[in-house]
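Trainee: I have a new structure open and I'd like to talk it through with you. Could you go over it slowly?

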Amino acid sequence: MRMDMLDLIIERDFAAPRAALWAAFTEAEILSEWFGPQGWAINPGSCVIDARVGGVQQFVMHSLENPEHTSPVDAVFTEVRVGELLVGRDGPHDMTLHMIIDLRIEFSDMPGGTHLRLVQGPLPDEVIEPSRAGWESSFGKLDRLLADFA
């Protein structure tokens, strides 16, 4: 069986300074407050982030409706430029469909805030839109969290 593999690309502007957005991705306490689509949360105490090359990003999300339904992230950072770039590699495990999935997040200044460019993949074509919806839901929670920095 052949799967068409694609990269998910999302570009989004946030009305917060780059330092605040960077912290939201690299500080475990902050990431735990917003990451995960609506109806999901990070298990308390499961989040570990060491934002350096060779460092890890590890946590377990759970469904608020059924806490036994979980989704782990167990990534290793392969490239880090503080305040500018995070690149990590997750997998292979069940939640990555036994593949290795790369995630690249670029941060840049823009008038009134920060521009974020996210590239995740390769992903099977059929999971691109559900993945996009998950990120957009998470980013809605992040917007609310960052409102204090605007």
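This is a predicted model: local features need pLDDT of at least 70, side-chain atom pairs count only at pLDDT 80 or more; totals for chains, interfaces and linings use all residues.

Trainee: Okay, how many helices and strands does the chain have?

Mentor: The chain has three helices and eight strands, where helices (H or I, at least four residues) and strands (E, at least two) are DSSP runs numbered from the N terminus. Read from the N terminus on, the order of the elements is β-α-α-β-β-β-β-β-β-β-α.

Trainee: And how compact is the chain?

Mentor: Its radius of gyration is 15 Å, close to the 15 Å that the globule rule gives for 150 residues, so the chain is as compact as a globular protein of that length. The radius is taken over C-alpha atoms, and the globule rule is 2.2 Å times the number of residues to the power 0.38. Taken along the principal axes, the C-alpha atoms fill a box of roughly 45 × 30 × 30 Å.

Trainee: What share of the residues is buried?

Mentor: Of the 150 residues, 42% count as buried; buried means under 20% relative accessible area, exposed over 50%, and partly exposed in between (1.4 Å probe, protein chains only).

Trainee: Which residues of helix 1 are buried?

Mentor: Helix 1 is mostly covered, with seven of its nine residues buried, and these are A20, L21, W22, A23, A24, F25 and T26.

Trainee: What does L142 touch, then?

Mentor: Leaving aside its neighbours within four places in sequence, L142 is in contact (heavy atoms within 4.5 Å) with F14, L21, A24, F25 and W34.

Trainee: Switching topic: where is S63, and is it buried or exposed?

Mentor: S63 sits in strand 4, which covers residues 56-63, and S63 is buried, with a relative accessible area of 9%. Its side chain reaches the backbone nitrogen of E65 at 3.2 Å, and, apart from neighbours within four places in sequence, S63 is in contact with G39, W40 and H69.

Trainee: What about G54?

Mentor: G54 is placed in the loop between strand 3 (48-49) and strand 4, and is partly exposed at 44% relative accessible area. Not counting residues up to four places away in sequence, G54 touches V76 and F77. G54 and E79 are 25 residues apart in sequence, with their C-alpha atoms 8.3 Å apart in space.

Trainee: Now the charges: how many salt bridges are there?

Mentor: The count comes to 11 salt bridges, each being a side-chain nitrogen of Lys or Arg within 4 Å of a carboxyl oxygen of Asp or Glu.

Trainee: Can you give me a couple?

Mentor: One of them pairs the side chains of E136 and R12, at 2.6 Å from N to O. This pair links distant parts of the chain, with E136 in helix 3 (residues 125-146) and R12 in strand 1 (residues 5-14), 124 residues apart. E136 counts as partly exposed at 32% relative accessibility, whereas R12 counts as buried at 18%.

Another is R18 with D109, whose closest N and O atoms are 2.9 Å apart. R18 lies in helix 1 (residues 18-26) and D109 in strand 7 (residues 101-110), so the pair ties together parts that are 91 residues apart in sequence. R18 is partly exposed at 23%, and D109 is exposed at 52%.

Trainee: Which residues are joined into a network by shared partners?

Mentor: Take E84 and R81, which form a salt bridge with their closest N and O atoms 3.3 Å apart. Salt bridges that share partners join E79, R81, E84, R104 and E106 into one network.

Note on methods. Residues are numbered from 1 along each chain as its sequence is written. Side-chain values use heavy atoms; hydrogens and water are left out. A polar contact is a pair of N or O atoms within 3.5 Å; within protein, one must be able to donate a hydrogen and the other to accept it, and residues adjacent in sequence count only if both atoms are side-chain atoms.
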